[in-house]
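Open the model in your viewer and keep the selection tool ready. We will go stop by stop.

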Amino acid sequence: MIDFEKLGQFYLGCQHDLKSGTSTMDQLVMYDAKDLTTHAVCVGMTGSGKTGLCLALLEEAAIDGIPAICIDPKGDLGNLMLTFPGLAPDDFQPWIDPQEAARNGMSVPEYAKKTADQWRKGLAEWGQQPDRIQRFRDAAEVAIYTPASNAGRPITVLKSFDAPSDQVRADSDALRSRILSAVSGLLALLQIEADPISSREHILLSTIFDQLWKNGQGIDMGTLIRSIQAPPFSKVGFLDLESFYPQSDRFKLAMMLNNLLASPSFAAWMEGESLDIQKLLYTPAGKPRLAIISIAHLSDQERMFFVTILLNEMLAWMRSQTGTSSLRALLYMDEVFGYFPPTANPPSKLPMLTLLKQARAFGLGVVLATQNPVDLDYKGLSNCGTWFLGRLQTERDKMRVLEGLEGAAATTGSAFDRQQMEQILAGLGNRVFLMNNVHDDGPTVFRTRWALSYLRGPISRQQIEVLMSSMKTSTSNTADRSSTTASGTADAPAKFAAPQSELPGQTSRPVLPPGIPEFFLQAHVQGERYVYRPALLGQARVHFSDLRKGIDAWDPVTLIRLAGDSVPSDPWLDADEWDEADLQADAQPAFSNAMYRDLPTEMTQKKSFTTWTTALKNHMYRDRKMTVFTCEDLGQTSKPGESEADFRVRLRQAAREERDIQVEKLRRKYATKFKTLEDKLRRAEQKIEKEKTQKSGKTLSAAVNLGTSVLGALFGRKTLSSTNITRAGSVIRSASSVASESTDIRLAEEQYTALVQEREDLTATVDAEAQQISDQLDTELMKLEPLDLAPKKTDTVVDQVAILWLPYIEDATGNVQRAF
C-alpha cells in the first residue's frame with residue numbers, strides 16, 4: 001500500500017525519469033503545504049495536464065482543511081464537483097458528452113461504463129481508494145458562484161463599495177490602493193480607458209470615494225450617481241469643480257452609469273449574496289469551502305471589473321487576519337492571461353502584485369495558472385517560490401519561462417542552471433511537469449497523480465445549474481428561515497407592525513418640551529402618504545471584562561420600543577434590538593406633508609425620560625450577558641461577538657500552526673538518525689557486493705529505498721535529493737541469485753538485515769509520534785465550552801433615551817406598510 005497521507009503535505013504524483021520515460025511509485029512527490037505561502041505559478045500548453053495538476057493541488061488542500069477561492073474564466077474548475085465515491089457508471093453518465101461517445105463508437109451508457117472503469121483503474125494505480133473521494137467530499141464544500149447570473153449562487157460586487165474597515169482607512173497607502181482599483185474597475189465596466197493621473201473621470205470618482213470612505217460612508221450606486229452630479233466638494237486640487245469638470249459633462253458621466261444600471265442585462269449584477277471573503281471561504285458551520293467563481297459567461301470588461309473588486313476584497317480580508325507562517329487559505333486563478341501583463345496596467349494588476357508581495361505574512365497562498373506564458377509580468381511573478389512547468393508550445397514560450405525562472409532564482413538568491421532547465425523543458429510530455437521549488441535542493445520532474453474529480457472538460461451554465469440546484473435550494477431555505485431586513489433584525493416586519501391600540505393622528509409635528517431629544521428614522525421605501533409613529537429609542541454601552549480570558553470589550557446596544565397609546569415605566573423588556581450600524585436617523589423629518597400619531601402623555605414629560613434612563617441601566621445590568629466560547633485544549637477563548645463557527649475556523653488555524661511547529665521539530669529530531677542509517681546501509685550493501693564479487697565474480701545489484709513509504713507520515717519528498725538517494729530498490733533478498741555459503745557473506749547479510757530492521761523500527765516510531773501530533777491537534781475532537789459574562793453595574797453607560805419617529809406608508813383603504 002502506498003503511503004501518501006502525511007501531515008501538511010500534498011500528494012501530487014511521483015518522480016519521472018525523462019531518459020527512460022518511466023515513473024516510479026517508490027519516489028512520491030509530496031509537496032509541503034507551507035511552501036504555498038510563497039505562492040506558485042503553473043504554466044503549460046493545452047493538453048499538458050495543467051488542469052489536472054491544479055485540480056489535484058486543490059483537492060489536496062481541501063483534504064487538509066485549507067479553503068480556497070478559485071477564479072474560473074474557462075469553466076474547468078466545476079469538475080471539482082464531479083466526485084463519485086461509488087465510481088458507478090450511472091454517476092458518470094449524465095456528464096458524458098454524447099458526441100465524444102459517438103466518436104469512440106459507443107453509446108452514452110457504454111462510454112459511461114468505460115469512463116467509470118478508467119477512473120477506478122487510474123485511481124488504483126496511484127494508490128487511491130474510492131474512500132479518498134468521499135474523504136475529499138467530507139473535508140470541504142465545493143460550490144460554484146456566478147456573478148451576474150443565477151446559474152450558480154449569484155453574487156454581487158456592487159454592494160462591495162461599502163466603506164473599508166477602520167484599519168484600512170487608517171492606512172493611507174491601503175486606502176489609496178483600494179480606491180484606485182475600485183474606480184479603475186468601475187470605469188473599465190463603463191468601457192472608459194482612464195489613466196489615474198490624467199483622466200478627469202478617474203480623478204473625480206477617486207475624490208468622491210476618498211471623501212465618502214474617509215467619513216465611513218458606504219457608496220451604493222444611487223449615492224454615486226448623485227455624488228457625480230453634486231460632489232461633496234467644491235475644488236479638485238487648486239481648481240474649482242466647474243473649471244475642472246463642468247456640470248454638463250458630469251451629467252453625461254452620471255447618465256452613462258445610470259443607463260448601465262437601468263439596462264436589463266445589468267439587473268443581474270444587483271442580485272445575489274454580497275461579496276464577503278470569509279463567507280466564501282467557510283460555510284455558516286465553519287466548514288472549509290472551495291468557492292469556484294465562474295466568470296466564463298461575462299464580457300471582457302465585466303470580467304476585469306469583477307476580478308479587480310474580488311482581488312481588493314481579498315486584500316482587505318488578508319489585512320484583517322493575524323500573521324502566520326502556516327497556510328491559511330488559497331487564491332487560485334485558472335487563467336491569469338490579460339490580468340497581469342508585463343507593460344500594461346489593467347486595474348487588476350496592482351492588487352494582484354500587492355497580494356504576491358504581502359500575502360505570505362498572512363498565510364494566504366496565491367496560485368496562478370496560464371497556457372499563455374508570453375504576456376505575463378515575470379518580474380512580478382518572481383515573488384512566486386514554486387513553478388510548475390508543463391509542455392510548452394513554442395521556443396518563444398520556453399525562453400519567456402526561463403527568463404521568469406532566472407528572475408525568481410535571483411530574487412531568492414538560489415542557483416539557476418539555464419542549460420539544465422532547457423534540456424528538461426524540451427523533454428516534458430503529457431502530465432509530466434518540472435517543479436522548481438525554492439524550498440528544495442533542486443528541480444524535480446514528476447508525473448501528476450490521477451485526479452479524484454472527473455475531468456470532463458468545461459462546465460456549461462446549464463450544467464452549473466444542475467450541479468448547484470440542490471445547494472441553491474438549501475441556501476434559499478436557510479435564508480427564508482433567518483430572513484433579515486435592512487434593520488438587521490430577524491422577522492422585523494412583525495416586530496414593528498403598527499400597534500393595535502394607538503392615539504389619533506395630526507398633520508402637524510408635535511411640539512416637545514425643551515430637553516427632550518427626538519430623531520426621525522430614514523425611509524427606504526417610496527410611497528405617497530407617510531405617517532410617523534412615535535417610538536422610544538435607548539442607546540447604551542455595557543462593559544464586559546475577564547482579564548484571565550483576555551476579554552475587555554464594550555458592547556453597544558440600541559433598543560427601540562414602539563409606543564402605541566402608552567409607555568410603561570420599564571419599557572425595555574419588550575423593546576427590539578437594532579443594529580447600531582444600520583440606524584440612520586436625522587434631526588428633521590424627511591417628509592413635510594407627513595402625518596404624526598399623537599404622543600402618549602408619558603413621552604411629553606421630561607421626568608419620564610429620567611425614569612426610563614434608570615430602567616435602561618438596570619435592564620442592561622440585569623439581563624445583558626455576553627457569551628464566549630473557550631477551548632482548554634488550545635488555551636483559546638473566542639472574541640466578543642465571534643460566532644462559534646468563526647471561532648472554530650480560528651481554532652483550526654491555531655492547530656495547524658502548532659502542528660507545523662511540532663512536525664518541524666520532529667523532522668530535526670530524526671533527520672540525523674535517518675541519515676546515519678542511510679550511510680550504514682550503503683556501506684553494508686557495498687560490503688555484500690564486494691564479498692560476493694570476490695567469491696563468485698557475480699555482482700549483487702541492490703539499492704536502498706529511503707523514499708516516502710519508508711520515512712512514514714512525516715518527511716515526504718523533502719528527504720529525496722540527488723545527494724542521498726538515486727536508485728529505487730527494496731530490502732535485499734538475502735539469498736539473491738548467488739549461492740554462497742561464505743561466512744563473510746552471511747555475516748554481512750545479517751548485518752544488513754539488522755540495519756533494515758532498525759530502519760523499520762525507527763520508521764514505526766516516527767509514524768507513532770506523527771499520529772500522536774495529529775490526534776492531539778484534531779479540532780473536531782476538541783470541546784468548546786460556553787462562558788457567560790455578566791457586567792458590573794458601574795460598567796453600564798446610558799448614552800441617550802430619546803423619541804424616534806418611525807416612518808410608515810398608509811393608503812386610502814387603511815393598509816399600513818413599513819417604510820424602513
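Two strands count as paired if DSSP finds at least two bridges between them. Keep that in mind for the first stop. Note too that this is a predicted model.

**Stop one: strand S17.** Select residues 518-521 and then residues 796-810, which are strands S17 and S26. They pair in the parallel sense, over three bridges. Now click Phe520: its bridge partner in S26 is Trp805.

**Stop two: from S26 to S18.** Stay on S26 and select Asp799, then Arg541 in strand S18, residues 530-546. How far apart are the closest N and O atoms of Asp799 and Arg541? They are 3.0 Å apart, in a salt bridge. Asp799 is partly exposed at 43% relative accessibility, and Arg541 is partly exposed at 32%.

**Stop three: helices H16 and H17.** Select Arg418 and Glu406. Their side chains meet in a salt bridge, 2.9 Å from N to O. Arg418 sits in H17 (residues 418-426) and Glu406 in H16 (residues 395-412).

**Stop four: helix H21.** Select Arg682 and Glu678, another salt bridge, at 2.8 Å. The two are about one helical turn apart, because four residues separate them in H21. Glu678 is buried at 7% relative accessible area, whereas Arg682 is partly exposed at 27%.

**Last stop: a network.** Select Glu5, Glu59, Glu60, Arg132, Arg135 and Arg449, which salt bridges link together. The whole structure holds 40 salt bridges.

Key
Residues are numbered from 1 along each chain as its sequence is written. This is a predicted model: local features need pLDDT of at least 70, side-chain atom pairs count only at pLDDT 80 or more; totals for chains, interfaces and linings use all residues. Side-chain values use heavy atoms; hydrogens and water are left out. A salt bridge is a side-chain nitrogen of Lys or Arg within 4 Å of a carboxyl oxygen of Asp or Glu. Buried means under 20% relative accessible area, exposed over 50%, partly exposed in between (1.4 Å probe, protein chains only).
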